[in-house]
Amino acid sequence: MPALRTRLKVSLTAALLALAQMSAALADGAVVMTSAICDNPRDAIDTLWVSSRFGANDVFYMRADTNQVVAMSAAVAFDARQDIYVVSHGNEDDIGPFAKAQFAANLFAAHPSLPASVYFDSCNAASGVQTVLAETNQLYGNQIPALYGPQGPCQLVGNGNPDVASAENRYDAGLQPGNQFAAVADNIMTVWTTQPYAASGMTWQAACETYANAADMPNLDAFRLAVQHTFLNAPVYPIGESHNYGLLIQWNTGGQAFFQCGLANAVACP
């Protein structure tokens with residue numbers, strides 16, 4: 001019996017240690033945003049997904065005027081974080097307002113220590129040649145263990161579920177039959193560009209641009225959270241008049257997992 005108790009104690013201790021290590025790993029992430037947060041609600045809502053999926057709650061902002069990465073809502077220095085999650089609209093050549101090489105250079109200047117992973121939640125980030133993944137990895141001597149990015153347009157995919165936390169981030173997703181995606185997306189952008197944000201006296205888009213241009217991080221972070229609350233909790237019915245972003249997540253279906261490259265799997269970044 002004593003031997004059994006000893007084995008159980010050892011097993012329990014090991015399990016608790018593994019759980020603690022897992023929790024620490026999940027919390028060791030930093031989100032990087034750009035002024036693309038002002039394009040529409042997508043980037044602000046995707047930070048909620050990153051928080052739910054990876055436990056990355058420290059949010060940083062890459063300034064277009066100085067190229068610096070500054071804290072939006074963070075308790076720990078950016079360079080101290082192991083995992084980096086870039087949440088920004090983009091394409092093959094640009095991440096937000098930055099050309100891909102400039103974005104990589106800004107990231108490296110702000111985070112000179114080798115990260116464990118860099119995840120690009122930015123459309124087509126892994127498409128083409130000399131991608132932002134390759135640009136970033138090269139600055140670190142091609143030693144980053146894992147880099148991720150989509151090889152097409154990306155979105156949160158709910159496969160019938162509007163919940164952000166349970167969604168998957170995919171590229172080249174399809175749409176469920178009978179969706180009213182275009183109508184709801186138009187409604188969202190109408191609210192974004194014409195309706196007032198809180199008591200700011202400005203539209204959602206104008207308020208965001210004001211805070212972003214002034215690098216007003218407290219107000220920009222409050223705005224980010226307000227986007228999540230407002231556009232994920234809007235009335236759903238009548239659907240054709242709704243601006244609930246969860247409907248778009250619900251209707252997205254299928255899609256492809258992000259491309260992965262880096263030292264860990266010996267895959268060169270394109």
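Modeller: Happy to. Cys-38 and Cys-208 are both buried, where buried means under 20% relative accessible area, exposed over 50% and partly exposed in between, with a 1.4 Å probe and protein chains only. A word on the source: this is a predicted model, so local features need pLDDT of at least 70, side-chain atom pairs count only at pLDDT 80 or more, and totals for chains, interfaces and linings use all residues. Residues are numbered from 1 along each chain as its sequence is written, and side-chain values use heavy atoms, with hydrogens and water left out.

Biologist: What joins Cys-38 to Cys-208?

Modeller: A disulfide, with an S to S distance of 2.2 Å; the term stands for a pair of cysteine sulfur atoms within 2.5 Å. The pair ties together parts that are 170 residues apart in sequence, because Cys-38 sits in the loop between S1 and H2 while Cys-208 is in helix H6 (residues 204–213). Helices (H or I, at least four residues) and strands (E, at least two) are DSSP runs, numbered from the N terminus.

Biologist: Is the link of Cys-38 and Cys-208 left-handed or right-handed?

Modeller: Left-handed, with -80° about the S-S bond.

Biologist: How many disulfides does the structure hold?

Modeller: Two. The other link runs from Cys-261 to Cys-269, S to S 2.0 Å, and is right-handed, with 90° about the S-S bond. Cys-261 and Cys-269 are buried too. Counting the bonded cysteines in sequence order, the pairing reads 1-2, 3-4.

Biologist: New topic: strands. Which strands does S2 pair with, and in which sense?

Modeller: Strand S1 (residues 29–33) pairs with S2 in the parallel sense over four bridges, and strand S3 (residues 69–73) pairs with S2 in the antiparallel sense, also over four bridges. Pairing here takes at least two DSSP bridges between two strands. Met-33 stands opposite Tyr-61 in S2, and Val-59 has Ser-73 in S3 as its bridge partner.

Biologist: Is S2 itself buried or exposed?

Modeller: Five of the five residues of S2 (residues 58–62) are buried, so the strand is largely enclosed by the rest of the structure. Asp-58, Phe-60 and Met-62 point one way, and Val-59 and Tyr-61 the other. In a regular strand the side chains alternate between the two faces of the sheet.

Biologist: And H5, which residues are buried there?

Modeller: Val-184, Asn-187, Ile-188, Val-191 and Trp-192.

Biologist: What do the buried residues of H5 pack against?

Modeller: H6, helix H7 (217–232) and helix H8 (245–251), with contact meaning heavy atoms within 4.5 Å.
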